Structures are given as C-alpha cells and as structure tokens.
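Please keep the sequence and the 3D view at hand while reading.

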Amino acid sequence: MSRNLILGAALSSLVVLAALVSFIWTPYDHAALDIPSKLAPPDNAHWFGTDHFGRDMFSMIMVGARTSIAVALVAVGIGIALGVPLGLTAAARKGSWLDEVIMRGNDLVFAFPSLVIAILITAVFGAGAINAIIAIGIFNIPVFARISRGAALSLWEREFILAARVAGKGTARISVEHILPNVANLLIVQGTIQFSLGILAEAGLSYVGLGAQPPTPSWGRMLADAQTMVGIAPHLALIPGLAIIVTVLGLNLLGDGLRDWLDPRIRVARA
C-alpha cells in the first residue's frame, strides 16, 4: 500500500471515529450554554476552548463531524444511485436520443453550482440539512453519470462483451453483470473525491446559512460565527478550519491511494 493510502485512511478513520463516538459520548453537552466561560482558550477543562456562548468546542467539533459526514455520505449515495444507472444506460445506447437527453441533462445541471441549487431549494422549502443534501446530491448525479459513461464506452467494444451478446444477454444484463464490476474501482475512487467535495460543500452551505441549522453544530456554521471574533478568539476559526482541512486532505489522500492500489498497471510498474 502507498503512503497516501495509509495516511489518508488514518486521517479519515480519525474523523469517522470522532463522529461515531459523539453518538454515545462527548466531553460536554454540545448545546449547553456557559456564558461565564465564553471565549475561553484551550486548557485542561476545554481542550479546544469555548465559543461565544461558552459551549465546548471539542464537543461541537465531534458532533459537527457527524453532521458533515452524514450530509456528504447521503449526497454521494444519491449521486451514485441515480448517476451510475444513467451513465451506464447512456453508454449502452451511445448515439441514440436517450444518450443525448441524458448527457444534455447533465450539462444543464453542471450549469448551476450546488450553492445556486441550494438557494433555489431553500427559497421554496426553507434552510436545513435535508435541503443541503438534496442540493449536493443533485450536483453529484451528473458527475457519476459522466464517469460511468466514459468508462463503460471503452468496455462495450471488448471481446468479453461481444461474447456476452452472442450468448443472448441483453444490454441491461450486460451492464449489470459485466460493465458495472469493471468500472466499480473507478467509481470507488471518484466516490472518495466527491465525499471530500461534499464535506466542503456542506461547510460552504452552512457558512451562508443554508445548511444545518442551530442548535445542530456544523463546521461551516462555526466558521461563520467566528468571523467577527478572530481578533479576540482565533481558536474559534482555526479549530473548525483545521477540522475541514484534515478531513478533506485525508479523503483526497485516500482517493489517490485507492486509485494507485486498485490500478493493476500502477502496481506492475512499481513492482
């Protein structure tokens, strides 16, 4: 295994562990207010200090990890569940009107960033984590559709696909039994990348008030609350910012490591 894979897996596991532990334990109640202890710097009592309401920053970071991971995970799941079948269908019907409709629909979605989509959804349904998931998930659909279509197109000309056609298998069965297993590695790597982008998107949406709403902690919301107090309490911005950096860095390293590990050509070249 490459160093990127090991380091990325270690950083990602650390964040996931913090999110899982937050379900059963946090040093303090993340929603408990302690005004006399507000803006306290990191010390033995509060490892990451306290915010402007006296809430424990370490507890909020742990619960915020849970929020970010949940939003990004569901959003990536939406992208995979809808995007991969669309991409495989478009590849199987290359050049047909169905292929054109799917790909032009992808181009249409790409024309609207997730933030714009979130604003539109929020204007109709109101702000919240569910709307952030929908917005990020919609943006992930064309990403996985393009990846799966591009990878599948080269496979449809291979000999084992021609043999499957001669055996009487239909396009849908070939896509599921032969195409999908051969593009799964690429989808796994892309999934880790989109997961890290989902973390960033959730933080960005929460920063502008379109993501998780108080009292649910969110790293983006913590950054937004800290922007006017950086001069007197820099830890309010540094700690959630570092949490985002570590998480995204770990997931990107994990994606690069998985790409190298799953690609047999790279393994042979290194050997």
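## Ser 148 and its surroundings

In this predicted model, a polar atom of the Ser 148 side chain lies 2.7 Å from the backbone oxygen of Phe 144. The side chain of Ser 148 also reaches the backbone oxygen of Ala 145, at 3.1 Å. Ser 148 belongs to helix α5, which covers residues 129–155.

Is Ser 148 buried or exposed? Its relative accessibility is 0%, so Ser 148 counts as buried. When neighbours within four places in sequence are left aside, the contacts of Ser 148 are Gly 83, Val 84, Gly 87, Leu 88 and Leu 187.

## Overall architecture

The secondary structure of the protein consists of 10 helices and zero strands. Along the principal axes, the C-alpha atoms fill a box of roughly 75 × 50 × 30 Å. Of the 271 residues in the protein, 45% are buried.

The protein exposes about 13700 Å², and carbon and sulfur atoms supply 69% of this area. Among contacts between residues at least 6 apart in sequence, 70% join residues at least 24 apart.

In soluble globular proteins, nonpolar side chains tend to be buried together. The largest nonpolar core of this model has 38 residues, and the members that touch the most others are Trp 156, Ile 179, Phe 195, Ile 199 and Trp 219. At least two residues of this core come from each of α1, α2, α5, α6 (159–166), α7, α8 and α9 (235–262). The greatest contribution is that of α2, with 11 residues.

Beyond four places in sequence, Trp 156 touches Ala 91, Ala 92, Ile 161, Arg 165, Thr 171, Ile 174, Ser 175 and Ile 179. Between the C-alpha atoms of Trp 156 and Gly 168 there are 15 Å in space, with 12 residues separating the two in sequence. Trp 219, again with neighbours within four places left aside, has contacts that include Val 15, Ile 61, Ser 68, Ile 199, Pro 240 and Thr 247.

## Salt bridges

How many salt bridges does a search of the whole structure find? The search finds nine. One of them joins Arg 55 to Asp 51, with the closest N and O atoms 2.7 Å apart. Both of these residues, Arg 55 and Asp 51, are buried.

Glu 100 and Arg 104 form another salt bridge, in which the closest N and O atoms are 2.8 Å apart. Because Glu 100 and Arg 104 are four residues apart in helix α3 (residues 97–110), about one helical turn separates them. Glu 100 is partly exposed at a relative accessible area of 40%, and Arg 104 is partly exposed at 43%. In helix α7, Arg 173 and Glu 177 are likewise four residues apart, about one turn of the helix, and their side chains meet in a salt bridge with an N to O distance of 2.9 Å. Arg 173 is partly exposed, its relative accessible area being 46%; Glu 177 is also partly exposed, at 38%. Salt bridges with shared partners link Glu 100, Arg 104, Asp 107 and Arg 146 into one network.

## Surface patch and loop features

Val 16, Leu 20, Phe 23, Ile 24, Trp 25 and Trp 47 make a nonpolar surface patch of about 720 Å². One of its members, Phe 23, lies in the loop between α1 (3–21) and α2 (57–92). Phe 23 counts as exposed because its relative accessibility is 55%.

The loop between α1 and α2 also holds Leu 39. Although Leu 39 is not a glycine, it has a positive phi of about 60°. Its relative accessible area is 25%, so Leu 39 is partly exposed. Elsewhere, the peptide bond from Pro 214 to Pro 215 is cis, with omega near 5°. Pro 215 is found in the loop between α7 (171–207) and α8 (219–226).

Conventions
Residues numbered from 1 in each chain as written. Predicted model: local features only at pLDDT ≥ 70, side-chain atom pairs only at ≥ 80, totals over all residues. Heavy atoms only, no water. Buried < 20%, exposed > 50% of the residue type's maximum accessible area, 1.4 Å probe, protein only. Polar contact = N/O pair within 3.5 Å; in protein donor to acceptor, adjacent residues only side chain to side chain. Contact = heavy atoms within 4.5 Å. Patch = residues over 30% accessible without salt bridge, like charges linked within 9 Å, V, L, I, M, F, W, Y side chains within 5 Å. Areas by Shrake-Rupley, 256 points an atom, 1.4 Å probe, with all protein chains shown as cover. Salt bridge = Lys/Arg side-chain N within 4 Å of Asp/Glu carboxyl O. Core = buried A, V, L, I, M, F, W, Y, C linked by side-chain atoms within 4.5 Å.
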